[in-house]
Amino acid sequence: MEFLGDLFGNYTLRTVGLGAAFLGIVNGVLGSFAVLRRQSLLGDAISHAALPGIALAFLLTGSKATIVLLLGAAAAGWVGTLLVMNIVKNTRVKYDSALGLVLSVFFGFGLVLLTYIQRMPVASQAGLDTFLFGQAATLLARDVATIGILGLAVLLIVLAVWKEFKLLCFDPDFARSLGFPIRWLDVLLITLLVTSIVIGLQTVGVVLMSAMVVAPAAAARQWTDRLGAMVAISAFFGALAGVGGALVSSLTARLPAGPTIVLCLTAIVLVSLLAAPNRGVVWKWARERVNRNLLQTEAVLADLYVLAMRHEDLGHGHPISVLRTMSIGHGGVDRSLEVLRERGLVRVTADGTWSLTPRGLSEAGRLSGTREEGP
Amino acid sequence: MTAPQVEIQLIAIVVAVSCALPGTFLVLRRMAMMSDAISHAILFGIVLAFFVTRDLTSPFLVVAAALTGVLTVSLVELLNRTGLVREDAAIGLTFPALFSIGVILVARYAGSVHLDTDSVLLGELAFAPFNRLEVMGYDIGPKAFYLMACIMLLNVLFIAVFYKELKLATFDASLAGVFGFLPGFLHYALMALVSVTAVGAFEAVGSILVVALMIAPPTTAYLLVDRLSLMLAVSALLGAVSAVAGYWVAHALDASIAGSMASVAGLLFGVAYLAAPGRGLVAIALRRVRQRWEFAQAMLLVHLYNHEGLPEAVRENRLPNLPDHLKWDPRFAERVVATARRRGLVETRDSLLFLTDSGRATAMEAMVG
């Protein structure tokens, strides 16, 4: 409770938390589309490519205002992305190579500019290198307002063209055949992605910003099969990790914001991969176990049925060793017999052997009947 | 040139060549982004090993880095195999996590010693000559040079010994498997090699620019040549050129050497992208223009051939009719006819167009193929 009191009472923490929440939501939403379109690594390229834009914006204007630097970053990120697409379209260079090339070369160029700026005889350049790893604590109310307004604009546009983006993600060919301007939608989606990445650079940094795009969406994908729900969950995860990471980082000395947020995201992803209903690893394992037990039980019932059919007396008991021999390949005889006995389908005879009850006989007959009717 | 300058350039060349060789296979195997993942993730291994040895130049670091690289690749494949996330997302989830752990460990526990995030991420080649290797009291040169030379030799040896296997596994993995070449083993060996190269290079150029040196020269070479052996050689050469030119650009601007090397490597790609013979943008544009003219020529000849010797030829086979009939701009039509006449395919009599014998043959060829 003391922590919550701090959160609402402390101006810096409130600012940082609000900013991180905004950019978590926006990146969660846009990241969903990127992940579904198999463009997860595009975020990596965009954020690295933004670095020279930040440096150039400062060199050209001499201003360190957030909006100026963000505009530069967005322009560079946008140019980098279009370059990737054009290289892939015009040459035989593959997508991954083009991505790696643009990412690293733009970053290298940005580094040249940054080191050049740092050696200039003016003192005002300090702070540009926080863009590498991000520094949540340096967020000002003004920055948060910028993030909030840009983020809101991005979200409104996504809402406005929701149907078109959905089509673009799942069936672009169909969308084209319906007459939607696919190319422009593609460019629009990338522009929005660039915007959402750029507003996070100051907090998370260029190096790790890509995780902010991929992780919430990849986690949210595990919990649902519907786009609307996925986007909402992704936004929630983004905000959760953003706020958590940024606050922990602000409260602890020598704990950079970007990596802390990424570790929060990683924890969310791990939990989602393991525990999400239907798709999660644990869930899948449990389902397979239930199915395997069911099949084993049915197989033991069928074995008993086969044995019963070969004897005059249908209630004749059969020793467990016979059933074990018959069940080589599926196993689980003891457990299955116990389950069947509880269901009243088999019983133990006086000499400790097993036989079908009348109900078991009809049930087994029904099962084998349906099996024989099968293909 | 002063001695440190020569030494820096030598180190830069060795780093660039070491990166370009395994990079060629990454580019061909469509695993370029794996270099990004590995070069970031090895920070985790380097930091752990550093806490154990307390020495940044310990060979133990190289081993730790190789293991971390293989761990990264395995994690990506493990994630991918659950079927819950696709490969691109698996890469995008794995390396930021490992890198973040590395950065946090450095920030919290290694702040006082010589290992900070900037030097890992960005490298500083200018300081490399300060760290000397002494043998029996004699100074024989910078340590970084010998370390990278060993790694380069390792790369060259690996590629030379497994050349045939790598080639087949790269271009036809299933056939390589049928032949018993163990493409899986080669895959992990290559990844280990990439990791070792990245850890050797990170001190000089930083982890992100390792990616530039691994991807940019081979991608450029990919636009220029068609043979694997040539591609390896051209990549290495382009890497070396980027290294030397990058050094002098950085010298002139007093800026980051690694950044300039990456920029020059990118610039070289830009030149190839524009001007590569047969594949560059200029070549593509020229080919489009030529094809447009060839097609227009064929259209003209076929048109004339269709109406040749028929009553309507008087109306159809004349220049003023062409823009209307073939939907051509009048000036374009004039130029097409002029070219055809110059080539001896068409002749004009009484403002009517007639096919010459070779024009008729060309028209028939255009129609029949």
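What distance separates the centres of domain 1 of chain B and domain 2 of chain B, taken over C-alpha atoms? And please take me through the rest of chain B from there.

Reply: The centres of domain 1 and domain 2 of chain B, taken over C-alpha atoms, are separated by 57 Å. Before going on, a bit of housekeeping: this is a predicted model, where local features need pLDDT of at least 70, side-chain atom pairs count only at pLDDT 80 or more, and totals for chains, interfaces and linings use all residues. Residues are numbered from 1 along each chain as its sequence is written, while chains are lettered from A and ligands numbered from 1 in the order in which they are written.

Back to those domains. In chain B, domain 1 covers 3–277 and domain 2 covers 282–368 (the bounds come from an automatic or database domain assignment). Chain A is divided too, into domain 1 (2–275) and domain 2 (283–373), and there the centres are 58 Å apart, again over C-alpha atoms.

Within chain B, confidence is lowest in H5(B), with a mean of 62, and highest in helix H11 (residues 228–253), at 95. Helices here are DSSP runs of H or I with at least four residues, strands are runs of E with at least two, and both are numbered from the N terminus. For the complex, the predictor gives an ipTM of 0.87 and a pTM of 0.85.

Now for where chain B meets chain A. The contact takes 52 residues from chain B and 48 residues from chain A (two residues are in contact if their C-beta atoms, placed from the backbone, lie within 7 Å). Among the elements giving two or more residues to chain B's side are helix H2 (32–53), helix H12 (257–275) and helix H13 (281–307) of chain B. H4(B) gives the most, with 12 residues.

H13(B) also has a partner inside its own chain. Its axis and that of helix H16 (residues 330–342) of chain B come within 10 Å and cross at roughly 80° (axes are lines fitted to C-alpha atoms, for helices over the stretch in contact, and angles run from 0 to 180 degrees between N-to-C directions). That makes H13(B) roughly perpendicular to H16(B), a label for angles of 65 to 115 degrees; under 35 is roughly parallel, over 145 roughly antiparallel and the rest oblique. On the H13(B) side, B:Ala296, B:Gln297 and B:Leu300 meet B:Val336, B:Val337, B:Thr339 and B:Ala340 in H16(B).

Last, the strands. Strand E1 (residues 132–135) and strand E2 (residues 138–142) of chain B pair in the antiparallel sense over four bridges (strands pair if DSSP finds at least two bridges between them). B:Arg132 has B:Pro142 in E2(B) as its bridge partner. E1(B) and E2(B) form a hairpin with two residues between them, and B:Met136 in the turn has a positive phi of about 50°.

Note on methods: pLDDT = per-residue confidence, 0-100.
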